[in-house]
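Colleague: Hi! Could you walk me through this structure in plain words?

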Amino acid sequence: MNLTTLNMQRQLLFIFLALCAFNGIQAQTSMTDSLIRVINTAVDDSGKVTAYHILASLTVGTNAPAAIEYAKKGISLAKQIGYVRGVASCNFNVAYSYGLSGNLNAALLYIDSAIVWYKKLGKPDRLALSYHSRADYHMQSGQLKLALKDCDTSFKYAEQANRLSPKASVYKTIGTVYFLQQDYDQSKNYYLKAFEIFKQFKDSIPMAFVMNKLGSIHEQKKEYDLSIQYYEEAIRMSAGFKHENNFSTYYANLSQAWLKKGDKKKAELNALKAVEYAKKQKNKLQLAAAQKVLSSIYLKSDSTTDAISAASESFVIATSIAAKDVQQSSSDALANSYFKKGEYKKAFEFLLISKNLGDSIAKEKFGADLAAIQTNFKVSEKDKQILLLNKERKLQQQAITQQRIIMVASLAFLLLAAAGVALVMNRNAIKQQMKELQLRNQIAADLHDEVGSSLSSIHMLSQLAGKPGDEITHQNILARMASNAKETMDKMGDIVWMIKPGEKEGSSLKQRMENFAYEICSSKNMEVKIQLEEVEKVKLIMEQKKNIYLIFKEAINNAVKYSGSQRIEVSVTLLYNKFTLLIKDFGKGFIPEKVVRGNGLDNMKNRAMELHGILTIE
């Protein structure tokens, strides 16, 4: 190393140490300007690469795109002059910056390069950090097994380097993996282990991250007061360190906690801050997520137009960066918003988009899992080959022959597995097409039967309303039109609810049954006692859910209209896999064989038969 390069690196070291001592915004800007002046006047040597590396480190928290450009220039120059450490460090800078921006594919590409170059240097401390970063990117991509494998490698390198800080980072990542698996007690245990180590180093950024994750744990456990305290502590720690790149995420989480607690004003205030910081950081993924949170708040506040606007912006941004999970949640929000506004065509359109995105995400996860299995298989086989080459010479040929047999058999197995997977996927695709065709036919029939007659009635009444007549007649016609319109909206709501995908069908059915019973009984000042807890224990397909709900609805409606009862009791029992729905009134009763029959009783019996059940009327 010549004297000029040595002096320049001393100058860069002084600048970096000064920044560590004065971490305010004005000091950081001054240091950045100083480094830029150094770059503009320096010759192309290792000192200039170091300047690019430090510049990228300084700007990543406030301007990730600029940090990426600085680090890429550092890579180019380091390769040109053969500076291995500079190539490794700048590759790490680019990966970190892409990771903060949500571009995980690019982050994985550059962190793999950083690992290759750090291995050439033989730096266990930097390898521990790099493998941990790769674990984070794998975890964010949903590859939890690969993430845990990288955590194990990172921990081993941290032990070689005798460093505590990398171990804390590994604990933090393992805590997140347990969180994603919904094992919240184990997750909190590992987060607290990580926090204690970070606390020793007074490292505010990961401390804030841990506080945020502890907030998420308590939010999942519905302990909202504790959740809010942790989120606010995460924001306070980040503000103290003036590290704003995670502000949007923290404010969005805080907003959701306030919304779940019932304070819509505080929820909206924090969601707007999340949007503001995401725009400031130019982080499209965070902006899309923040707009989705904002749309949920507006929808619960009955600000339907604002909800549609926020969800639309979230959907557009998420589409532009191919963030399918945010696309799916924002399209679902749009479907709910348009339905609430009464624009049923758009509601159905976005409902289909949400469903298709959900199917696509599931298929991609399956493909990624398969690719991970194949990758692990290849790595394992490579390790076996290396071990075989180190055996005694006389066994070498025999081992290679055996390896070839294994490889041929494995290849045949993979080909058969691939053919099997292709066959299964093809059959599933055909089944899915049949289900979609049945769904379309069912929706068409329901719309014709449930909505068509009501719309025809409204049309005829509107024609009558246009003819001359007295005011009382017109008022009666308008009242009937209003009643039919409400009935049509209720039926449309039932159709959309029945076909809407979701994992908690039992919970959804219970809530809808309770809402209907309380609403119709309260309108007639009738007492209703309802016990439907057992419904949540049954996993129902769409057709079962529909038939149970419509039988229940018809029975309640008849009891309210005709029984003369002042009280209705509803209960569900589940015994020896037998599902029993009991609806009881205390009115005048009727004899089924003698009553003037409409379609109601016959429909109820037919629906019971479709459920392989029996309808009994006493």
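This is a predicted model: local features need pLDDT of at least 70, side-chain atom pairs count only at pLDDT 80 or more; totals for chains, interfaces and linings use all residues.

Colleague: Good to know. How many helices and strands does the protein have?

Modeller: There are 23 helices and 3 strands in the protein.

Colleague: And what share of the residues count as buried?

Modeller: The protein has 618 residues, and 40% of them count as buried. As for contacts between residues at least 6 apart in sequence, 59% join residues at least 24 apart.

Colleague: Let's talk rings. How many aromatic pairs does the structure hold?

Modeller: It holds 13 aromatic pairs. One of them is formed by Tyr131 and Tyr157, and that pair is stacked, with 5.7 Å centre to centre and 15° between the planes.

Colleague: Where do Tyr131 and Tyr157 lie?

Modeller: Tyr131 belongs to helix α7 (residues 124-140) and Tyr157 to helix α8 (residues 144-161), so this pair ties together parts that are 26 residues apart in sequence.

Colleague: Is Tyr131 buried or exposed?

Modeller: Tyr131 is buried, and Tyr157 is buried as well.

Colleague: What about Phe315 and Phe350, and why is that pair edge-to-face?

Modeller: Their ring centres are 5.9 Å apart and their planes stand at 90°, so the pair counts as edge-to-face. The cut-off for that label is a plane angle over 60 degrees. Phe315 sits in helix α16 (residues 304-320) and Phe350 in helix α18 (residues 344-389), so here the pair ties together parts that are 35 residues apart in sequence.

Colleague: Why do Phe315 and Phe350 count as buried?

Modeller: Buried means under 20% relative accessible area. Phe315 is buried because its relative accessible area is 17%, and Phe350 is buried because its value is 11%.

Colleague: Which residues do ring pairs link into a cluster?

Modeller: That cluster is made of Phe155, Tyr171, Tyr178 and Tyr190.

Colleague: And where does the charged end of Lys172 sit?

Modeller: It sits over the ring of Phe209, 4.6 Å from the ring's centre. Lys213 also lies over a ring face, this time that of Phe179, at 4.4 Å from the ring centre.

Colleague: New topic: holes! How many cavities of 30 Å³ or more are there?

Modeller: There are 3 cavities of that size. The largest cavity holds about 60 Å³ of space.

Colleague: Which residues line the largest cavity?

Modeller: The lining consists of Val60, Ala64, Leu100, Ser101, Asn245, Gln281, Lys282 and Asn283. Sorted by class, that is 3 nonpolar, 4 polar and 1 charged residues.

Colleague: Tell me about Gln281. Why does it count as buried?

Modeller: Gln281 has 7% relative accessibility, so it counts as buried. Gln281 lies in helix α14 (residues 264-281). If we leave aside its neighbours within four places in sequence, Gln281 is in contact with Gly61, Thr62, Glu244 and Asn245.

Colleague: And Lys282, is that one buried or exposed?

Modeller: Lys282 counts as exposed, because its relative accessibility is 61%. Lys282 lies in the loop between α14 and α15 (284-300).

Colleague: What is the phi of Lys282?

Modeller: Lys282 has a positive phi of about 55°, although it is not a glycine. For context, most residues other than glycine have a negative phi. Ala322 also has a positive phi, of about 60°, and is not a glycine.

Colleague: Where is Ala322 found?

Modeller: Ala322 is in the loop between α16 and α17 (324-341). With a relative accessible area of 57%, Ala322 is exposed.

Colleague: Last stop: which helix does His53 lie in?

Modeller: His53 lies in helix α3 (residues 46-59). At 22% relative accessibility, His53 counts as partly exposed. Setting aside neighbours within four places in sequence, His53 is in contact with Ser89, Cys90 and Asn93.

Colleague: What about Ser46, buried or exposed?

Modeller: Ser46 counts as buried, at 12% relative accessibility, and Ser46 lies in helix α3. Between Ser46 and Gly86 there are 7.2 Å in space, C-alpha to C-alpha, while in sequence they are 40 residues apart.

How values were computed. Residues are numbered from 1 along each chain as its sequence is written. Side-chain values use heavy atoms; hydrogens and water are left out. Rings of Phe, Tyr and Trp (its six-membered ring) pair if their centres lie within 6.5 Å; planes under 30 degrees apart count as stacked, over 60 as edge-to-face and the rest as tilted. Helices (H or I, at least four residues) and strands (E, at least two) are DSSP runs, numbered from the N terminus. Buried means under 20% relative accessible area, exposed over 50%, partly exposed in between (1.4 Å probe, protein chains only). A charge sits over a ring if NZ of Lys or CZ of Arg is within 6 Å of the ring centre and within 35 degrees of the ring normal. On a 1 Å grid over the protein atoms alone, a cavity is a set of points where a 1.4 Å probe fits but cannot get out, and a pocket is an open set with protein on both sides within 12 Å along at least five of seven lines; lining residues have an atom within 4 Å of a point. Grid points are joined across faces, edges and corners, and a volume is the space filled by probe spheres set on the points. Ala, Val, Leu, Ile, Met, Phe, Trp, Tyr, Cys and Pro count as nonpolar, Asp, Glu, Lys and Arg as charged, and the others, Gly among them, as polar. Contact means heavy atoms within 4.5 Å.
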